[in-house]
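Dear colleague,

Please read them with the model open beside you.

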Amino acid sequence: MSLQVKDLTVYYQTLKGDVHALESTTFGIADGEIMGLAGESGCGKTTLGQSLIFLHPPMKLIKGGVTLDNKELPIGDMERMNNFRFKKVSIIPQYAMNAMNPTRKIGKMVADLLKSRNVDFKSLLPELKRRLDLVKLSYDVLNMYPIELSGGMKQRMVMVLSTMLNPSLLIADEITSALDVSSQKAVSEMLVQFRDRGYCKSVIVITHDISVLYQIADTILIMYAGQLAEKAPTDVIVHSSQHPYTKMLISTLPEVGVRYVDKQLAGIPGGPPLLLKPPVGCRFRERCPLAFEKCLEKPPFVETEKDHFVACWKAGT
Amino acid sequence: MAQPRKQNEALYFMRRNAKLQIGVAIVFLFIILALVGPLLTKYQPRDYVAPGAQPPSSEFWFGTTSFGEDVFTQFVYGLRSTFLVGMVGGGLGTLIGILIGFTAGYRGGIADEVLNMLTNIVLVVPSLVVLLIVAAYLEVRGLVFESVYIALFSWPWAARAIRAQTFSLRSRDFVDLGRLSGMKPLKIIFTEIAPNMMSYLLLTFILQFGGAILTAATLDFIGLGPTEGMSLGLMMNNATTYSAIMLHMWWWFIPPGLAITAIVGSLYITNVGLDEVFNPKLREM
Amino acid sequence: MLTLDGVSKVYRVGTFGGKSLVAVNDVSFDVGDSEVVSLIGESGSGKTTIGKMILHLTSISSGAIRFNGVDVSRLNGRARKEYYRHVQGVFQDPFSSYNPIFKADRIFRTIREEFFPKIDSHEWNEKIDSSMRAVGLNPDEVLNKFPHQLSGGQLQRFLIARALLLDVQFLVADEIISMLDASTRVGVLNLLAELKSRGLSILFITHDLSLGYYISQKSVILYRGCVVEMGPTEQVYHHPLHPYTKMLMACVPRLGMKWECGEIEVTNPNVKQPDLPSGCAYYDRCPVAGNKRDCSTSPSLVEVEPGHFVACWRQTKQES
Amino acid sequence: MRRYFGRKLLIYVITFILAVTVDWAIPRFMPGNPVEILIARAGLKAESAKLIYSYYMKAFGLNVPIWRQYLNFWIALFHGDLGVSLWLFPQPVMKIIKQAVPYDILLLLPAILLSWLAGNKFGAYAARSKWLDNTISPLAYILQATPYMWLGMLLAWLCGVRLHLLPFSGAYSNAMMPSFSWSFVWSLLQHWILPFASLFIVQFGGWAIGMRNMIIYELEADYSHYLEALGAPRKLVRSYAFHNALLPQITGLALQLGAIVGGALATEIVFSYPGIGFLILQAIQNHDYFLLQGSCLFIIIGVLLANFLIDLAYVLVDPRTRVGMQGEE
Amino acid sequence: ATTEFPRSQTLYTGGKQWGPPSNWNPFMTGNYATGTIGLCYETLFLYDPLTAKFTPWLASSGKWTNSTTYRLVLRSGLAWSDGKALTVDDVKFTIELGKKTTLNFSSLWSWLTSITKVNSTTLDFKFKTPLYQEWDNYLYNLPIVPQHIWSTKSLTDVATGANDKPVGSGAYLYNTYDQTKMVWEKNVNWWATKALKLSVAPKYVIDLVNTSNENSLGLVLQGQEDLNNNYLPGISTLLTGGYALHTYYPSAPYDIAANTAWLDINLQKKPMSDLAFRKALAYGINVADIVSRDYNNMVSAADPTGLLPMWNKYVDQAVVKKLGITYNPAKAKQVLAAAGYKDVNHDGFVENKDGTKIALKLIVPNGWSDWMAAAQMISKSAKAVGINIVASYPDFNGYLDARLKGTFDLAIDNQANVSNSPWTYYHFIFYDQLKDIPTTQGGNYGRYNNKTAFALVTQLDKTKTTDLAAMKAVISKLQTIQLTDLPMIPLWYNGMWAQMSTTYWTNWPSSVAGKNHDLPVTWNGYWNMTAILMLTQLKAVKQP
Ligand SMILES: Nc1ncnc2c1ncn2[C@@H]1O[C@H](COP(=O)(O)OP(=O)(O)OP(=O)(O)O)[C@@H](O)[C@H]1O
Ligand SMILES: Nc1ncnc2c1ncn2[C@@H]1O[C@H](COP(=O)(O)OP(=O)(O)OP(=O)(O)O)[C@@H](O)[C@H]1O
Ligand SMILES: [Mg+2]
Ligand SMILES: [Mg+2]
């Protein structure tokens, strides 16, 4: 196991009280695994990703721990965590389009960043060039300013930069959401290539587009309202999921080939609960067609089959 | 995104924001002084009530001028004009700014270009210098008139800010929706756009208010202020012409300047406070 | 019902109209009665611009849009208001469609003020009630709330209900579900389909091919402001003729069907930089483009099958 | 890029023409006749005054139609001729202004540049922690709100009258004529300190505040978060934020110039510093239309020119303007 | 030029120059640099107003040989500072310049016929109608310029040229100037050293440009300015403050009276056209208050005739006793009531006889601080008797304009200065404004129209200066008219403001017996009223 998250609980501290954005999450990612992280907007995907690298106020670590390559990740300690950031854990943020300093040449910024991490920029140049080639960026981009690049190019540049030090864990937050289908495909495939070439060991891909995950992820983790719902290999999630939420979610996705006149899809009625004062027990209870009394207790996230974890009292039954 | 919640929050933050409270408190203190001050004194600002050049005493709280006018009386009347100039000058400046900002921001196109150019022109012209020219040739100058011509040169800042805001609000979908409902542009501006900028307009007004006070003080000091009445700038002007500095009559020139500094400074601090209240990004600081 | 006839939109950017940007280039298509037409294209291809021109929110640079034979751009004052009685729009971001400082149902009030100033309250409430039910909202649940207290799906339904208050015949739906969550988007989508069956014509703007497929009878594929292909949805999706459409179809991520591994990015090997000032807009990315000369003029739409048009020199050549 | 400059230049040219026209027009359409004043001032014998009146009208070019006067004004302007001063008759306005300009440069240039640099450094420093921010920023706000002349009066009183530390009037000792001697330079410096200080202090507050606000915004920007997430040291993040925050401060400088010049005016008056501000006051008090016109014109041109230079410089330092360079700012 | 001036040999003056020195043209009376006439160019005589005596200066004597011929004898051994001799040709040339071009004294030629050179030191002036009073005025005011330099100048330059680096005959030479000062350097070859055994004490006279009252006060208090001729508010409180200050009179009013401040009344407007109203006004103004509060007793209240104290002998006390008006509020109210001015609407102010409101504006130039305060006080004391006067401060331009065009109601004015004859005073009050276009108004801004009075002024001008009785007779008639008709109301005497610092120089002029009684004033026209002699009396203080 490259990454092991145990009982991680992170709240946002706000004036109205704590937002329980991440509650007792426990899961692992194997070496070389690309794990997709999906769920509705606001379910805590970004929070999870951020917690693993840059847990800053108003986020607050309530409990839990993370180990990466069998070493404890001091995620709650800003200073100590710095030794791991970029080198061991890295991120391609949701806002990759604006992630680069608009007034510095890209090359300069890369150099500054590397130098500040005590890495010799010069000696990395050939490698940098190789990776730029891989993502189809010309070497000249280093001499350009971010605004001279298109959105997709910036996205790829950040991808290269973030993985420059071959981190064990890469967190890719919504990196394809703003792209056209063609670029989406390209970027996704690059991500796979990065993993394949060992630029990064394990990857967490955060998105709400399950069909993209289906293309690239080895496993998919479904979250609902701050809690884990289900984790399993991609095919299992798509074709034989056990959590009612996952099932319903998959079934709502329109696809080319499905027409209203032929087959009417149904949505999930209702909406997710507020995380400020989340209901006890299973948080999906309200919307779940299968809900019963037991659901007032929080279902544990258990392995029902090999590599298949579900948090539902009715799972497997 | 969520404004009503924001308003409640705003209240909450207002109560917690020390800058805002201190700023508002000081400004209010002076407003009250301006309101009740004239009742506390039995003199008129230009009355000769005592021997000249008296230092502050229990009878003449701020001392007297060379001629024996009561500095305190002048001070409280001066405060009144200061607030008047702030209100009228700042208000009018904001109003012109709003007018031009809304028009430019909402209409866009050529109207925007032209107004923008006008704004830029007035912006780069050293306004005080032009004010000097204008004021120098006016025979009789009143307080309100002074406020008006201060406003005529101070609006560009407001216009720019409001234009930018309008510009960003204009492209919001609810404005388009308003148009789809057949609303007239003016109605859209005032019922859809303006309410969303209230906090912004308030901030703009406060800045204009402070700016007008400072400009007026400078004009008065140079001797181009109102030809009648009393103002804080005029007090400083008098203090210099009658050599208060050389004669160590500090009680004559310190209060007016101090009041201006305190009022304008508090306005600025209030502004930051309000900004912090309205702008969640700054709250964390 | 609605016809676009050679519509173009040129934005002037820079001071005093320095540069110009052709956002929409000579677009023609029509939407029939009770028909859903989906307008598909990537970001910046001019979809929204077309929608806004139809809604008379932006001026038309050239060409004409006709609604039941009437030139839309001529409408002003009362006539324009009358037009809005029949043609309405719903936009992408449900949250920004509401003025955040007012309650959500204010949008109804505006409609009443502008279109039904004389109606009495009872009648009006009834009207609201019925149109709310039509969009599947429970009035008691949603009335008198601020936008942030409602979900995106509810807000979009609200907007549709608003349109239904009027005698609306044509709806421009600009990416109305792309901001919604998977769990709620289907509901709104189904609602549109339902409205269609009640006789409404819809221009469904999207960049998501599967959504377009799900709902529309006719699809128009837009690329850089030009229509590259259009026709009955089935034909366009299953027999794409234009290389761009083909590429799109290949890139759509589908559950249960993995992308074919191949070129990471599809580009025209002949082109280093987009240096074609005129001509086929897709030339620089086109993998099948011939040499430069062949594509140096812009191809016009050619009907390849009944109702199925494509603008590609290759197709045209094959034909002839 | 060319378009950008073209546009800027257009604005400047229009501004210039308008400003000059206003500058020319106001005295002419105001009541009163400058020559009458000159004569009244001379205390001439009535019998001679009549003769001298027509003589002066001609000398000041006031005896031709108004449009002709306007034309002549422009023609003269391009010959560097701003007319003859009434107050200091028969000195040419240009000569008087030329004598004053060095003092303005001496006072304004260091005050503007140093306060800008120091204010920005200090503002960046203040944004560093809540504690610093809560103590230093309010102080900076107060400084910014201080009327220039009042601070000047305070300084003059404290440092000059009370403590006898520094002279507070004029540009150098009355016992000297300008020369390249140590004693002269020393005297110049002593007289310069107080007016400089009052300009510096007020502006310093303004820049510090501006910088503080900008930096806070920059530190909240995505690129800052990205850098932090990658573990970049605070130093790097701050230096990026500082650099980016500095850019708007440059445009701010251009926009503030007019106001600063206004402040300098008041300061020069307090300290009887013989710059253009002081000239303007004298021109106003002595009804010297031509000198007033000339001085104001000079300031306007100066501010426009400085603005233009800053615009130029800005393009060099901010790649966004260089690459984007489209309509919106 | 010199770049540093040793303090102990330098006299710093100030008070005349309100702007940088801009010209040294003695014919540009308005704004030539301090000392241009007096230190550099000299006049034929000096005049001492305190003793009413003429002192021969460039001239050694002058007298009327008959009623239309004046014979002038020039001193011998006179020289210009460039070494050339100063001769009668220069004098003749100078005065004839006024015929060639428009100079301030050009009107002289309307009654002067010719100048003839009798011999190398003597000139005869032939007059059509000799104006004796006015001629005497020229004798100590007309600067003599060197023909060898001025004959090369164009006439424009003569009239309005700056005349840089002037060459004169006086005690000082042009040294240098800058924006803040004019520097004069002692002329070691000055003719008077030999001829009159006079030697000026300071090596340099530096006249500082006034920038503000405050600044001047600071300089004087710190001993950086030795003589200041500004009105410095507050100075009287400092005289005893250990500042080494000296004034002409050791006690109030401290300064010699220099001119009369009076109230111009616009006689063409209602109700000022009514004599009764003017009388009430005159009774209603509390001048003592102005003197004590505004001026801290640095001025004294004016005589009802307004004639300066030095002209006391011309005041017809009988007339004053009979007609003179002084502050008396009760009387003012009584006069108003008697004339039918009543407070109809009970606002505290009387209304016109026809019931319309009276609201008079009293204008003084903005920034003239002592006058502004005085206007306030006038307004206050007038209000006390029921006359509504509002002080108003247009700027100087507006003030002049209102006065010239006659649009004002009331104004404070002080243009008639000390001179050799009360004629200048009456010429100003009874100036026949009707014969002049407004632009060249020479006085009488109230538009008083009385042909008799105008004729009397001319008659006075034509009276021989030696015929004191005749002069008095005319003046008495003028005073009767003045006090009867009240065309203006005299208020107070402005002083020859002179603050002297004894830090570096002593032996200043003083009223004290045994001290020199020269006028300590650097204003234009005062050097030749004995101020130049002050420089010969000064003694440097030995600095430790
Ligand atoms: N700064 C914050 N302060 C308070 N609550 C926050 C903050 N940021 C996020 N939250 C709350 O935490 C929860 C999880 O947010 P998060 O951003 O992780 O969701 P997400 O799954 O990434 O959503 P999306 O798909 O919209 O990015 C949400 O309910 C959100 O409202
Ligand atoms: N007001 C405007 N001024 C200038 N250019 C504009 C304006 N509005 C749109 N454009 C440009 O016109 C082009 C088409 O824009 P449009 O919004 O129609 O695209 P879209 O297909 O709706 O894209 P998206 O999917 O991102 O909404 C874009 O290149 C855009 O930059
Ligand atoms: Mg997220
Ligand atoms: Mg769009």
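To begin with the ligand site, an oxygen atom of ligand 2 lies 2.7 Å from a polar backbone atom of C:Gly44, and please keep in mind throughout that this is a predicted model. An oxygen atom of ligand 2 is also 2.5 Å from an N or O atom in the side chain of C:Thr48, while a nitrogen atom of the ligand is 3.3 Å from an N or O atom in the side chain of C:Tyr11. On its own, ligand 2 has 630 Å² of accessible area, of which the protein covers 62%. There are 13 residues around it, and those that come nearest include C:Gly44, C:Lys47 and C:Thr48. By class, this shell has four nonpolar, six polar and three charged residues, and α1(C) gives the most to it, with three residues.

Turning to chain E, there is an open sheet of six strands with mixed pairing, in the order β14-β18-β13-β17-β15-β16. Strands β14 and β16 of chain E stand at the edges with a single partner strand each, so one side of each is left without a neighbour in the sheet. Within the sheet, β15 (residues 360–363) and β17 (residues 410–413) of chain E run parallel and are joined by two bridges, and E:Leu362 has E:Leu410 in β17(E) as its bridge partner.

Helix α12 (residues 369–384) of chain E packs on this sheet, touching β15, β16, β17 and β18 of chain E, and its direction makes about 170° with that of β16(E). Helix α13 (residues 396–405) of chain E, in turn, lies across β13, β15 and β17 of chain E, running at about 110° to β17(E).

With best regards

Definitions and conventions: Residues numbered from 1 in each chain as written. Chains lettered and ligands numbered in written order. Predicted model: local features only at pLDDT ≥ 70, side-chain atom pairs only at ≥ 80, totals over all residues. Heavy atoms only, no water. Pairing = 2+ DSSP bridges. Helix = DSSP H or I, 4+ residues; strand = E, 2+ residues; numbered from the N terminus. Contact = heavy atoms within 4.5 Å. Axes fitted to C-alpha atoms, helices over the stretch in contact; angles between N-to-C directions. Near = heavy atom within 4 Å. Polar contact = N/O pair within 3.5 Å; in protein donor to acceptor, adjacent residues only side chain to side chain. Areas by Shrake-Rupley, 256 points an atom, 1.4 Å probe, with all protein chains shown as cover. Nonpolar A, V, L, I, M, F, W, Y, C, P; charged D, E, K, R; others polar.
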